[in-house]
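This report describes selected features of one structure.

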Amino acid sequence: MDVLDFLKPFVGWQGPFAAALICLPLERLVPLRRQPVFRQGWKTDGAYIFINSVLFRFCFVLLAAILISVGGIHSISWSSAFLSQQPLWLEAAGAMIVGDFCLYWAHRALHRNRLLWRFHSVHHAVEEMDWVAAYHSHFIDEMVLSGAAFGSVALLGFSTGAIAIYGVAYSWVSFAVHTNTGLTIGPLRRLFSSPEFHHWHHSNETDARDRNFASIFSFWDFAFGTAFLPKGRRPKAYGTDSNIPAAYIDQLVYPFRPNKPVPETGVRPTSTGQSGLASGDTFLMPPHPSADKSPRRARGIPRASSPWPRGFRR
């Protein structure tokens, strides 16, 4: 595989502009919640758009080039030979399935491991969902997810064209599932991700935490017992219990700082440092529906039943 051909699908600064042209009108026409275009934290999100769509991709492709050309990492020969005999549409479908499967487990690891969660929690700090939230991720978080998704399909020897198609699907589904829209996909929601599906992943409600990990195909969550799509409900609140700072640089540094305990009662701060509740309101941090060692679980609260498959340790 030619290194430059492999890198092409990962390079591109046009994505944010195209996404804005499509997603902004959609969020105005069919909004899930009424919120301004320039919501809280939009300046920080603007930094994430530039960094993650331009600089991060440049560093990612540079690292890939070093690993492929200098490190001697190549695709598996037998799978590459088999895939080369398939039509492009079938190969691209295979790349989506394989990449999304690997991304599903990488995403679960980001929630399971305390250290990885500190990086991933930056993405969950968003408290007003829209398409821009797709960019709001720490670069370490992006490296883990992108490495799992695209590293797996590259290692198996999928062609440049198949990886390019998967890359486009991966990016646009990510925009779509974060949009502030009330659109649903009906019975297809058990097969494909949607805003209805992914918004529950960002919910800070007790029974919705650590659910809906899949990026493109929601059936991974249904297959492994992590799906959450209650009828007649929609998320009441997004975000995380962690007190994550508002500024971009502070969010980059946040995962490396000593972990400070979160009080079990009080007014929950938002990512902008302001209270997310009305004046005088308080909250009791809810129990987490998983084991005691969950990075999102409060101390001193009884354990609830686990939604995870038997034998998978949180």
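F192 sits in the loop that joins α8 and α9; helices (H or I, at least four residues) and strands (E, at least two) are DSSP runs numbered from the N terminus. With a relative accessibility of 35%, F192 is classed as partly exposed, where buried means under 20% relative accessible area, exposed over 50%, and partly exposed in between (1.4 Å probe, protein chains only).

Setting aside neighbours within four places in sequence, F192 contacts I185, I216, F217 and S218, a contact being heavy atoms within 4.5 Å. F192 and S218 are separated by 26 residues in sequence, and their C-alpha atoms are 4.8 Å apart.

## Basis of the model

The model is predicted, and local features need pLDDT of at least 70, side-chain atom pairs count only at pLDDT 80 or more, and totals for chains, interfaces and linings use all residues. Residues are numbered from 1 along each chain as its sequence is written, and side-chain values use heavy atoms, with hydrogens and water left out.

## Packing of α8 and α9

Helix α8 (residues 160–178) packs with helix α9 (residues 195–202) at an angle of about 75°, and their axes are 7 Å apart. Axes are lines fitted to C-alpha atoms, for helices over the stretch in contact, and angles run from 0 to 180 degrees between N-to-C directions. The two helices are therefore roughly perpendicular, a class that covers 65 to 115 degrees (under 35 is roughly parallel, over 145 roughly antiparallel, the rest oblique).

On the α8 side the contact is formed by A176, V177 and H178, and on the α9 side by P195, H198, H199 and H202. These residues comprise three nonpolar, four polar and no charged. Ala, Val, Leu, Ile, Met, Phe, Trp, Tyr, Cys and Pro count as nonpolar, Asp, Glu, Lys and Arg as charged, and the others, Gly among them, as polar.

## Nonpolar cores

The largest nonpolar core has 25 residues, of which F158, Y166 and Y170 touch the most other members. Such a core is a set of buried Ala, Val, Leu, Ile, Met, Phe, Trp, Tyr and Cys residues joined through side-chain atoms within 4.5 Å. Helices α5 (88–112), α7 (139–155) and α8 each supply at least two residues of this core, and α5 gives the most, with seven.

Beyond four places in sequence, Y166 contacts A95, M96, G99, D100, A149, F150, V153 and I216. A second, separate core holds 17 residues, including I49, A125, V132 and L252.

## Q35

Q35 lies in the loop between α2 (15–29) and α3 (42–70). Its relative accessibility of 10% places Q35 in the buried class. Not counting residues up to four places away in sequence, Q35 touches R28, E128, M129, D130 and N180.
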